[in-house]
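Biologist: Could you put the model up, so that we can go through it together?
Modeller: Here it comes.

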Amino acid sequence: MTGIITRRNFLRGSAVVGSGLILAGCDQFDFLGQRDNGVRKVLEQANVLTYQAQRHWIGAQTLAREYSASEIRQGQRPNGSTNPTTPEYLALQAGNFSTYKLTVKGMVDREVSLTLDQLRNMPARSQITRHDCVEGWSCIAKWTGTQLGPVLDMAGVKPGARFCVYHCYDNIQRTLAGDILYYTSSDLIDAYHPQTILSYGLNDQVLPVSNGAPIRLRIERALGYKQPKFLHTIELVDDLSQFGLGHGGYWEDTGYDWYGGI
Ligand SMILES: Nc1nc2c(c(=O)[nH]1)N[C@H]1C(S)=C(S)[C@@H](COP(=O)(O)O)O[C@H]1N2
Ligand SMILES: [Mo]
């Protein structure tokens, strides 16, 4: 866990100022967004304990509950970025994602890039699960995709790797210092979990842009912000401190807990 709570002053100025801008009017978030805040440190220690307790008591490979089709009551509510405007994404979208590639890099034996067709030709899995957002809403939806584990195996994860960092196309936040692109991360237990899929289908349709086209990861035992949309690169690392503010994700950098387990 040291990698998760290690801090670095990397990007500190720009992103902390930025989070203050976006969350203006919400004192509690502003407050927790300050990395040297004492209350935040206590909360982070509690998060480490929660993470360890979940792994210990619930187990590494326990499945998230799956539902039946009749329990899907509405479409998956789009949230966060719903229409990325970065030039890279707009170019992909203009070509109907025909030039899209998912890249696996970092602590791997060989970097791998897969097209949408290659991903769709791998064994598919569908699962009807409940997405819980910290904002207080949930949606039951059917997700179709291919398991992340075998894709990681194609690249060959090096023994020292501990985390996957998920890099996304969308600029979730624009600051004076430039755009902040969405990212999050997981440990390898969640990455290799059987329900962790690179999804390209939602409720029997092609995954729409608003829900993360062309590929969005599902990590079913975690909260909404741990489900990266518009995913383009998965980076295997042994330390999260070099990304963003060092807490392992865009929302994590503002004070949300890293594990985000349900
Ligand atoms: N790239 C990216 N992924 C993201 C987000 C985002 O803004 N950008 N928002 C997160 C949050 S907070 C939630 S609740 C879900 C929303 O997913 P949905 O739009 O498919 O409902 O995506 C998560 N993944
Ligand atoms: Mo969310």
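Biologist: By class, what does the shell around ligand 1 have?
Modeller: The shell has nine nonpolar, nine polar and four charged residues, where Ala, Val, Leu, Ile, Met, Phe, Trp, Tyr, Cys and Pro count as nonpolar, Asp, Glu, Lys and Arg as charged, and the others, Gly among them, as polar. This is a predicted model, in which local features need pLDDT of at least 70 and side-chain atom pairs count only at pLDDT 80 or more, while totals for chains, interfaces and linings use all residues. Residues are numbered from 1 along each chain as its sequence is written, chains are lettered from A and ligands numbered from 1 in the order in which they are written, and side-chain values use heavy atoms, with hydrogens and water left out.

Biologist: And which residues are the closest to ligand 1?
Modeller: Of the 22 residues that surround ligand 1, the closest are Q76, R77, N79, D170 and K229, a residue being near if one of its heavy atoms lies within 4 Å.

Biologist: Which polar atom of K229 lies 2.6 Å from an oxygen atom of the ligand, side-chain or backbone?
Modeller: For K229 it is a side-chain atom, whereas R77 has a polar backbone atom 2.5 Å from an oxygen atom of ligand 1, and for N79 a polar backbone atom is 2.8 Å from a ligand oxygen; a polar contact here is a pair of N or O atoms within 3.5 Å.

Biologist: Which strand gives the most to that shell?
Modeller: Strand 5 does, with three residues, strands being DSSP runs (E, at least two residues) numbered from the N terminus.

Methods: A polar contact is a pair of N or O atoms within 3.5 Å; within protein, one must be able to donate a hydrogen and the other to accept it, and residues adjacent in sequence count only if both atoms are side-chain atoms. Helices (H or I, at least four residues) and strands (E, at least two) are DSSP runs, numbered from the N terminus.
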